[in-house]
Amino acid sequence: MNLIECDNNEVLSEDIYDLEGSVLVGKNASITPYIIEKLESSRIMSVPVYPSIDETSGTNDLNFNGVYKEGVLALKEIINCLVIGEDIDSEQIKEISNTLYEEIQNNNLILDQIKKFKSENKYTYNHSVNVALYSLLIGKWIGLNEIEMKKVVKAGLLHDIGKTKIAPEIISKKGKLTKKEFETIKTHSEIGYEMSKAIPNIDEDVRQAILSHHEREDGSGYPCGLKGNKINLYAKILAIADVYDALTSERVYKDKSTPFEAIEEFRKMGMHSFDIKILNVFFKSIIQYYVNSKVKTNNGEVGEIVFIPPNDITKPVIRLENSYVELSRNSNIKIVEIVS
């Protein structure tokens, strides 16, 4: 599309490169006036974009609201049945995974709506639905097929079912866990694997993902200390989705992190604890969804993200009043909250 015809609702469908072959603007970036100016200065006058979603966004929002709430409630019912030993309707899990899969295919506003439910809903089971959705997005971005994506959403929905067997006072403890309490928490993946055997028609690779979602590439995870290609692919995806949602959600024991802080936390944990190829695709893709977001800075000002440099994704360019601030060149200003 010609840049003159673009507006803030257009989203790049491909990476845009400069004359030296470096990524100038990343795929999935919203086209802001700042980005248009940046592209024009590099003599790029037309770009590939996704179809406009203006006319359907309101409908998508309403549809997803219902789908999300139904998914959380259905998951709660399934887990309650598992806890008390009642028979599980495997078709219900299949239906949830199919519906969420369709939403990912048809709704480009999915992350906006996940953020909305993070702030509005307090259901215990939201985390599992969020992990399923993030896992679906990762699956889509790394090129999984439909069957694989529906498996990974089932694994996401069920990955923490073992925690229902852990004492609530440990799960919800505000302070630091004792060594004994942490060892108890670590049993949830094995408990969940055993619980999943009571669910008919669940593939073994889905069960293995439930068992292994806390395994790490360098062997530092649990319960088996697996490394690299010994770890189930779906577990590798769940590991990233699980940590990202935990970091960006408010918990009883911590405040939520911004997406930029979450990426820095991944780096502190050790990027090579996770599958680095999957992690890089995730970071590159998800961060572009925050362009146009309103943000609050550490000095109390409210601005708007206008550009996220592909080579420095934790340091976006923000507009404060009538000036642009490059956070990579101004270490005194930090984003402390995504407002909308």
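Trainee: Is N201 buried, partly exposed or exposed?

Mentor: This is a predicted model, in which local features need pLDDT of at least 70, side-chain atom pairs count only at pLDDT 80 or more, and totals for chains, interfaces and linings use all residues. Residues are numbered from 1 along each chain as its sequence is written, and side-chain values use heavy atoms, with hydrogens and water left out. Buried means under 20% relative accessible area, exposed over 50%, and partly exposed in between (1.4 Å probe, protein chains only). Since N201 has a relative accessible area of 64%, N201 is exposed.

Trainee: Where is N201 placed?

Mentor: Helices (H or I, at least four residues) and strands (E, at least two) are DSSP runs, numbered from the N terminus. Phi of N201 is near 60°, a positive value in a residue other than glycine. The place of N201 is the loop between α9 (188-196) and α10.

Trainee: What is the relative accessible area of R43?

Mentor: R43 also has a positive phi, near 65°, and is not glycine. R43 is found in the loop between α1 (33-41) and α2. R43 is exposed, and its relative accessible area is 76%.

Trainee: Which residue forms a salt bridge with D15?

Mentor: A salt bridge is a side-chain nitrogen of Lys or Arg within 4 Å of a carboxyl oxygen of Asp or Glu. For D15, the closest N and O atoms of the pair are 2.5 Å apart, and the partner is K284.

Trainee: How many residues apart in sequence are the parts that D15 and K284 tie together?

Mentor: D15 is buried, at 16% relative accessible area, whereas K284 is partly exposed, at 40%. D15 lies in the segment before β1 (16-17) and K284 in helix α13 (residues 276-287), so the parts tied together are apart in sequence by 269 residues.

Trainee: Which helix holds K151, the salt-bridge partner of D205?

Mentor: The closest N and O atoms of D205 and K151 are 3.1 Å apart. K151 counts as buried, at 18% relative accessibility, while D205 is partly exposed, at 25%. D205 lies in helix α10, and K151 lies in helix α6 (residues 146-158).

Trainee: Which residues are linked with E217 in a network of salt bridges?

Mentor: The count of salt bridges comes to 13. In the network, E217 is linked with K236 and D275.

Trainee: What is the omega of the peptide bond from Y222 to P223?

Mentor: P223 is found in the loop between α10 (204-212) and α11 (233-247). The bond from Y222 to P223 is cis, with omega near 15°.
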